[in-house]
Structures are given as structure tokens and as C-alpha cells.
Amino acid sequence: MGKENVLIVLDIGTSKITTLVGDIDDTGEIHIVGFGEAYSSGIEKGIVVKPHDVIKAIRRSVDTAENVAGTKISGVIANISGYHIECRNDIEKVEFNTSQKIVTQADINQLIQKVASKIQPEKENLEIIHILPKKYILDDEDEVIDPVGLVASKLEGRFHIVLDKLNAYTNLKKVIESAGLRVVDFVANPVASSYATLYPEEKEMGIAVIDIGAGTTDVAVYKDGSIEYIKSFPVGGNQVTMDIAHRFKVSKDEAENLKIDYGAAITEAAQNEIIEVYPRGSEEPVHIDQIDLVDTIEARLSEIFEIVKKDLEEKGIFERINGGIVLTGGVANTFYIKELAESVFGLDVRIGKPKDYTGFSDKVAFPQYSTSIGMLLFAKSKLPASSGIVTPNSSNFDILRIGKSIIEKIKTIF
Ligand SMILES: Nc1ncnc2c1ncn2[C@@H]1O[C@H](COP(=O)(O)OP(=O)(O)OP(=O)(O)O)[C@@H](O)[C@H]1O
Ligand SMILES: [Mg+2]
């Protein structure tokens with residue numbers, strides 16, 4: 001297998017840092033051939049708060065993956081999350097001086113450059129993470145996904161742009177580089193999670209994927225087949241754990257265990273179980289009712305869903321998601337969370353697990369790996385189906401980093 005066919009992703013989360021080595025075969029299938037994971041430390045709500053701790057944790061994760069895959073890792077595709085990521089939709093047009101111009105990749109690049117030129121990274125203190133083509137309109141009427149090779153007199157492109165605050169982006173990049181790695185590219189968490197969990201028909205109908213991790217809740221909305229909106233909220237499973245720790249005066253570790261062993265998202269699901277716990281600094285156990293534990297979890301998870309719902313309503317998107325909600329991320333493992341989400345959103349809800357890969361499924365076939373596997377799928381989607389090698393002329397080419405081609409970066413992974 002050629003080196004060009006290997007993608008390496010580094011998913012830096014609040015609770016864990018995962019490294020995946022993905023081999024892409026001739027048919028375009030992704031096979032995970034390396035897996036490394038370390039407890040995360042020094043990341044809060046998607047933001048680097050203790051750089052040295054993060055560097056050590058990244059190294060532990062990458063070292064493990066290197067051992068498992070039997071290969072040296074020097075470049076990675078990393079993720080971006082946190083409240084500082086934002087999105088915009090934009091439209092650009094070009095009118096040709098002939099009525100029957102064959103659309104080329106150069107025409108598309110021109111549109112993308114026009115979109116990019118409207119964003120002034122320094123002035124706005126922003127970094128462009130993605131310019132994702134949504135669709136193209138030929139001659140003001142025909143909607144197409146890939147216009148290259150078609151004939152038109154006018155070409156309109158609709159794009160979804162993902163941006164990050166420049167300083168947050170720079171800090172994350174520096175930390176990864178300090179761990180001895182080169183950042184090949186970045187993928188925004190909500191985009192990644194959507195790649196791992198959503199089906200084309202859901203994207204047509206209108207769907208929101210909500211990835212609730214330990215520190216962030218990442219949301220992506222699709223409508224009419226393409227991405228419309230992304231957002232990352234600084235809330236997640238850690239808050240649930242801290243609520244339990246406060247209410248029952250137990251350590252964070254004990255609260256986490258209580259949540260996993262006895263937790264559920266709706267009080268109707270609680271048995272009348274009495275649980276023995278040891279409050280912080282006490283050798284005497286106390287007894288708590290499981291229903292009180294579940295009540296604490298329900299209150300926080302309801303609040304997270306309400307925050308997401310309110311935001312989608314305010315943005316005028318909520319009414320458009322006829323296909324319902326996909327819940328993923330570690331918190332989606334909570335018992336009865338589907339039922340709670342259905343009652344808050346009033347929509348169909350399903351739990352999303354990562355799809356479209358093979359290998360290490362005993363480790364990664366769970367909602368908490370949707371981002372990591374989605375990162376592989378996103379990176380793969382930029383490769384032309386036939387060769388497994390990206391060329392800058394590929395019509396689905398997404399300018400991940402303006403001015404550079406992903407092929408150079410993927411080729412330099414080793
Ligand atoms: N069975 C479970 N029940 C309830 N919560 C769970 C369960 N399993 C995992 N979680 C919670 O999921 C969270 C971790 O999810 P995940 O691994 O997706 O987060 P992360 O990627 O580390 O963080 P983030 O993406 O938010 O930065 C933790 O808060 C954990 O307590
Ligand atoms: Mg995560």
C-alpha cells in the first residue's frame with residue numbers, strides 16, 4: 001500500500017486524545033490499522049488551558065498508535081472544537097463571456113478564492129478552517145453538485161465557511177507542534193461527526209447531529225443535501241459529572257462512576273435503588289436514592305438540549321430539520337437519552353455510531369468515536385475515488401487551507 005493512502009488523525013478531546021491510522025484501499029474503504037488513546041489533560045471546553053499537560057497527553061496517544069501500527073507518525077490531521085468556531089454561508093457568481101463555456105476546476109477555484117477574499121483573517125482575527133462547496137447553480141436555474149465538464153454561461157457557487165478565532169487556532173497548532181508533530185490539516189468537530197454518522201437521505205430531509213462530549217456539544221445541521229450550520233457549545237458530560245459531585249459531595253471520579261453505573265437521562269427509568277457513596281474526606285458511607293442521581297443528570301442534559309434548541313430556533317433552522325436529530329459523542333451512551341431528547345425537541349431521535357470503516361471496531365464502534373472516524377472520512381472524501389490520491393484539480397477539492405493543496409500535505413505525512 002502506498003504511503004499516500006494513509007491518513008492519520010489526532011482527535012483532541014476534553015476527556016481523551018485518540019490517534020487513528022487509517023489505510024485507504026483501492027476501492028476507497030477505510031481500514032483502521034493503528035489506534036492510540038490517552039486520558040486527556042489540560043483541555044477544557046475545547047480550549048487549551050494547560051499546554052504542557054496537553055503535549056504529554058498527545059505524545060502518549062501518538063506513541064501508542066505508532067507502536068500498534070508499527071510506523072512512525074510525523075504529520076496528523078487534527079480537530080478543532082470550542083465556542084470560538086463559527087460559520088457563514090456565502091454565494092459567489094461568475095459570468096462567462098461565452099454562452100457555452102465548459103466549466104473547469106479553475107472556474108470553481110476562482111469562486112472559492114472570491115469567497116476567501118471577503119474574509120480578512122487579520123482584521124477579523126479569524127482563521128479559515130473550511131470552505132465547503134454546498135452546490136452550484138448553472139445559468140440561474142440548474143442545481144448541480146459537481147459542475148466540472150458541464151456547459152454554462154453563468155456559474156454560481158454556494159459555500160459553507162467554517163472559521164476559528166486566530167489565537168485559539170494558533171495555540172492549538174503550537175501545542176501539537178510542540179508534541180513533535182506537523183499539522184497536515186484541521187477538521188472542525190461538527191463537520192467530522194456528521195461525516196461519521198449521517199446518511200444522504202437524512203441530509204436531504206434536514207437533520208441535526210448533536211455530538212455531546214465531555215467538554216463541548218458540537219452541532220451540525222444539513223438541509224437539502226448540504227451543510228447549513230455548525231456550532232460548538234462549551235457544555236458537555238463534565239458538567240453532568242460536576243453536578244453529581246456537588247449535589248452528593250463526592251469526588252469527581254466517584255461522581256463519574258455513579259453516572260456511568262447508575263445514571264439515566266429520565267427519572268422514569270430510575271429503579272428505587274439505594275446507592276452507597278463516600279462523600280469527599282469521609283470514611284463513613286451515606287446512602288443516596290438513584291432517582292435523585294437520575295434527576296440531577298436529567299436536569300443538566302435537558303438544559304443542554306434546550307440550549308441547542310433555542311439556538312437553532314433563533315437561527316431559523318429548527319423548523320427545517322424534518323429528518324430529526326442524531327445524537328452522538330460519549331454522552332449519547334447515557335441510558336434513555338434518546339427519549340429525553342425526543343421530549344425536548346419533539347422530533348425523531350436516533351443514536352449515531354460511526355460507520356463506513358473497518359478495523360479496531362471493538363475499540364471504536366461507539367458514539368464517542370464519531371469525531372475521530374469522521375475526521376478520517378472527511379479527509380478521505382477529498383481524495384478522488386479512483387487513485388486514492390488527491391490532486392488539486394479534483395472537483396470535490398475543498399480548500400482546507402487556502403493556497404495549499406492537500407495532496408502535498410497528505411504525501412508528507414511520513
Ligand atoms: N455510558 C455513559 N453514560 C453517561 N455518560 C457517558 C457514558 N460513556 C461516556 N460518557 C460521557 O461522555 C463524555 C466523553 O465523551 P467523548 O469521549 O465524546 O468526549 P471528548 O471527545 O473527550 O470531549 P470533547 O469532544 O467534548 O472535547 C464524558 O463526559 C463521559 O462521562
Ligand atoms: Mg470529542
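**View 1. Helix 7 crosses helix 9**. The axes of helix 7 (residues 237–248) and helix 9 (residues 290–314) come within 9 Å and cross at roughly 140°. The model is predicted: local features need pLDDT of at least 70, side-chain atom pairs count only at pLDDT 80 or more, and totals for chains, interfaces and linings use all residues. Residues are numbered from 1 along each chain as its sequence is written, while chains are lettered from A and ligands numbered from 1 in the order in which they are written. Helices (H or I, at least four residues) and strands (E, at least two) are DSSP runs, numbered from the N terminus. Axes are lines fitted to C-alpha atoms, for helices over the stretch in contact; angles run from 0 to 180 degrees between N-to-C directions. Helix 7 and helix 9 are therefore oblique to each other (under 35 degrees counts as roughly parallel, over 145 as roughly antiparallel, 65 to 115 as roughly perpendicular, the rest as oblique). Gln239, Val240, Asp243, Ile244 and Arg247 of helix 7 meet Leu293, Thr296, Ile297, Arg300 and Leu301 of helix 9 (contact: C-beta atoms, placed from the backbone, within 7 Å). These contact residues divide into five nonpolar, two polar and three charged (Ala, Val, Leu, Ile, Met, Phe, Trp, Tyr, Cys and Pro are nonpolar; Asp, Glu, Lys and Arg charged; the others, Gly among them, polar).

View 2. Strand 14 (residues 207–212) and strand 15 (residues 217–223) run antiparallel, joined by six bridges. Ala208 has Val221 in strand 15 as its bridge partner.

**View 3. The shell around ligand 1**. Of the 25 residues around ligand 1, Gly13, Ser15, Gly213, Gly237 and Gly330 come nearest (near: C-beta atom, placed from the backbone, within 6 Å). Helix 7 and helix 8 (252–262) are the elements that give two or more residues to this shell. By class, the shell has three nonpolar, 19 polar and three charged residues.

Notes
Two residues are in contact if their C-beta atoms, placed from the backbone, lie within 7 Å. Two strands pair if DSSP finds at least two bridges between them.
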